[in-house]
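Reader: Hi! Could you walk me through this one with me?

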Amino acid sequence: MKLLQIRRKLNEFSDFLRQCKRELLSRKKGQTASNSDLRGYKFASTPEIKAKSKKQLWQIVSKKFRKKRVHVNNRYTQSGTLADSRKVWLAPAAVLLVVSSLFLALGGPGWVGMLLADLSFFKVRNIQYSGCRVVPEEEIRQLSGITLYQTSLLGLDQARVVNNIGKHPWVSQVSIKRNWPTDIAISVKEYTPVALMNVVTSGKPQLYYVDRYGLPFLRVSAEDDVDFPVITGLDRVNDEQEKKAIFSDVYDFIRVVSQNNPNLPAQSVSEIHINERGELVVYLVDYKFPIFFGRGEIRQKYSRLLRVLDSLYRGRGKGVLLSGVEYIRMDYYNGKVLVAQSESS
């Protein structure tokens, strides 16, 4: 009701100003009609105003009918009433109180969030993937539960998406980034297998992929085409700290062998066994004899082994055959290597 009254007042004032302009700029300057609303005002008999002074005319009219300003800092108005200054503050305060009450009554931020989440402006239109080498991108999207042009970026449960994608056996870590207003970036870090590990579960040995930290993360299926050395005997170690120390030696050996020296390429290693004393015993694909590495100083022992194998390879045809080697001990005595020959050799 008050809005209609204010609007009516503004319309009346606008009509009044138009009438002022029409009469003051008429051909008979300085005269007013008998029924004019301008009778009695001093400016009704002003001298003739040139066309170029219209701006001055507007300043005179607006100054005459300009509302008296309220001095808020002094908490009083030019009319001299403190009640008028209070009215200036009560109206906005009342509006703010009503809006706040409605906001809380209708559910607060959650209600506003639901309204905005339903807007097509925030629907996911594009998904950017990174780090997907083994797992297909479409499989990642299905695990995330995100449907293009239907899932809202505003209402996306980021923790749930990360948890769902993280259930994939090849996925190690997941991170989600929202690129407002319609894009989302999914970054995946996959496990990198370095070997296979023989793990006994329910009394049956099973092969698992193992990462650089010695964590078995996925069982090897019959369809997998694998070309990794197999780690055996580590599952018998019960102490976790001891197991980590032993696997550290195993991983050091895998890293140096990955250099693919012609005398000992990575593909030539078939098994890395951990014996009862926690020592490394390496077996090659083409030869049955064991190579006892012991514990520690893996890189130094690897370098010595390369020289020993080179000597044995060069000695073919001179009575020294690799097929006659019974075993090689890398930690024999004070940095010495022992190559044992079978009696038949």
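Reader: Is D249 buried or exposed?
Author: D249 is buried, as its relative accessible area is 11%. Buried here means under 20% relative accessible area, exposed means over 50%, and partly exposed lies in between (1.4 Å probe, protein chains only). Keep in mind that this is a predicted model: local features need pLDDT of at least 70, side-chain atom pairs count only at pLDDT 80 or more, and totals for chains, interfaces and linings use all residues. Residues are numbered from 1 along each chain as its sequence is written, and side-chain values use heavy atoms, with hydrogens and water left out.

Reader: Thanks! Which side chain does D249 meet in a salt bridge?
Author: R295, with 3.5 Å from N to O. A salt bridge is a side-chain nitrogen of Lys or Arg within 4 Å of a carboxyl oxygen of Asp or Glu. This pair links distant parts of the chain, with D249 in helix 7 and R295 in the loop between strand 12 and helix 8, 46 residues apart. Helices (H or I, at least four residues) and strands (E, at least two) are DSSP runs, numbered from the N terminus.

Reader: What else is linked in that network of salt bridges?
Author: E242 belongs to the network together with D249 and R295. The closest N and O atoms of E242 and R295 are 3.2 Å apart. E242 sits in helix 7, 53 residues from R295.

Reader: And how accessible are E242 and R295?
Author: Both count as partly exposed: E242 has 32% relative accessibility, and R295 has a relative accessible area of 34%.

Reader: How many salt bridges does the count come to?
Author: Six. Another one of them joins D331 and R329, at 3.9 Å from N to O.

Reader: Switching topic, which residues touch the most other members of the largest nonpolar core?
Author: F253, I291, F293 and I328, out of 38 residues in that core. A nonpolar core is a set of buried Ala, Val, Leu, Ile, Met, Phe, Trp, Tyr and Cys residues joined through side-chain atoms within 4.5 Å. Several elements each supply at least two residues, including strand 6 (195-201), strand 12 (290-294) and helix 8 (298-314). Helix 7 gives the largest share, eight residues.

Reader: Nice. Last one: where is D227 found?
Author: D227 is in the loop between strand 8 (216-219) and strand 9 (230-232). D227 is exposed, with a relative accessible area of 56%.
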